[in-house]
Amino acid sequence: MNTANLQHWRQQPVRDLIEHILENYHQKHRQQLPDLINLSRKVESVHGDHPLAPAGLADHLSEMFQELESHMMKEEQILFPMLAGGIYPSGPINVMEEEHEQHEAMLKQLMVLAHQCETPVGACGSWTTLYAGITELVSDLRDHISLENEVLFVQPAPAMRVPAHGEGTCCGSCQ
């Protein structure tokens, strides 16, 4: 993600950033991955005898989808509500950042399996579409990770943050 975009989001309320992440990344990944899995199964099945055919790509994408879905659910159900309330728990944030490192490793392996998304001469439309979709997924997921690691998970300066529990607000657990 470019510096201007990161700077823009540093100036926005945390709740707006969370909504942006949910709409532009979480929802999109949930659409991208099943489509890419199906397309990769098709390409692997039809072109499996081609020396540059992606072997094991559909299985890797399925594993990525499971890992990413679990990760996004933890963010949506646990971490994002805390961050929206001005609470920046270091333990859960550290776990999410470690998982982001695992996602990056999976992206690197994805690119190896997809031969760096370089389609061979004469590749069919499905193969071309698959690699274009993978290229988009890689870019989107890296932007997503960057936005969370470099903006969302960074506790704002006192003037920018929502008051925490005991600073005139309550998370609701006191009742």
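Helices here are DSSP runs of H or I with at least four residues, numbered from the N terminus. That labelling puts C117 in the loop between α4 and α5. Everything shown below comes from a predicted model.

**View 1. The whole chain, an α-α-α-α-α run.** Before zooming in, here's the overall picture. The protein chain has 5 helices and 0 strands. It has 175 residues, and 40% of them count as buried. Take the contacts between residues at least 6 apart in sequence: 79% of these join residues at least 24 apart.

**View 2. The loop between α4 and α5, with H115 and C117.** The loop holding H115 sits between α4 (90-113) and α5 (125-152). Phi is the thing to look at here. Most residues other than glycine have a negative phi. H115, though, has a positive phi, near 50°, and C117, also not a glycine, comes in at about 60°. Buried or exposed, what is C117? C117 counts as buried because its relative accessibility is 15%, and the cut-off for buried is under 20%. H115 has 30% relative accessibility, so H115 counts as partly exposed.

**View 3. Helices α2 and α3, packed with a left-handed crossing.** This one pairs α2 (residues 14-47) with α3 (residues 57-84), whose axes come within 9 Å and cross at roughly 165°. Angles over 145 degrees count as roughly antiparallel, which is why α2 is roughly antiparallel to α3. The residues of this contact split into 18 nonpolar, 4 polar and 8 charged.

**View 4. Helices α1 and α5, packed with a right-handed crossing.** Here α1 (residues 3-10) meets α5, with axes that come within 10 Å and cross at roughly 50°. That angle makes α1 oblique to α5. Which residues of α1 meet α5? They are L6, W9 and R10, and their partners in α5 are S146, L147, E150 and V151. By type, the contact has 4 nonpolar, 1 polar and 2 charged residues.

**View 5. The largest nonpolar core, with 26 residues.** Nonpolar side chains tend to be buried together in soluble globular proteins. In this core, the residues that touch the most other members are L57, L61, M64, L110, L130, Y131 and I134. Two or more residues come from each of α2, α3, α4 and α5. The largest share, 8 residues, is from α5. There's also a second, separate core of 18 residues, which includes I18, I21, Y88 and F153.

**View 6. L110 and the residues around it, H60 among them.** Zoom in on L110, which is one of the core residues that touch the most other members. Setting aside neighbours within four places in sequence, L110 is in contact with L57, H60, L61, M64, I134, L137 and V138.

**View 7. H60, a histidine in helix α3.** Stay with H60 for a moment. Buried or exposed, how does H60 count? H60 counts as buried because its relative accessibility is 10%. Leaving out residues up to four places away in sequence, H60 touches M106, Q109, L110 and L113. Those contacts include L110, the residue in the previous view.

Key:
Residues numbered from 1 in each chain as written. Predicted model: local features only at pLDDT ≥ 70, side-chain atom pairs only at ≥ 80, totals over all residues. Heavy atoms only, no water. Buried < 20%, exposed > 50% of the residue type's maximum accessible area, 1.4 Å probe, protein only. Axes fitted to C-alpha atoms, helices over the stretch in contact; angles between N-to-C directions. Parallel < 35°, antiparallel > 145°, perpendicular 65-115°, else oblique. Left-handed = near helix turned anticlockwise from the far one by under 90°. Nonpolar A, V, L, I, M, F, W, Y, C, P; charged D, E, K, R; others polar. Core = buried A, V, L, I, M, F, W, Y, C linked by side-chain atoms within 4.5 Å. Contact = heavy atoms within 4.5 Å.
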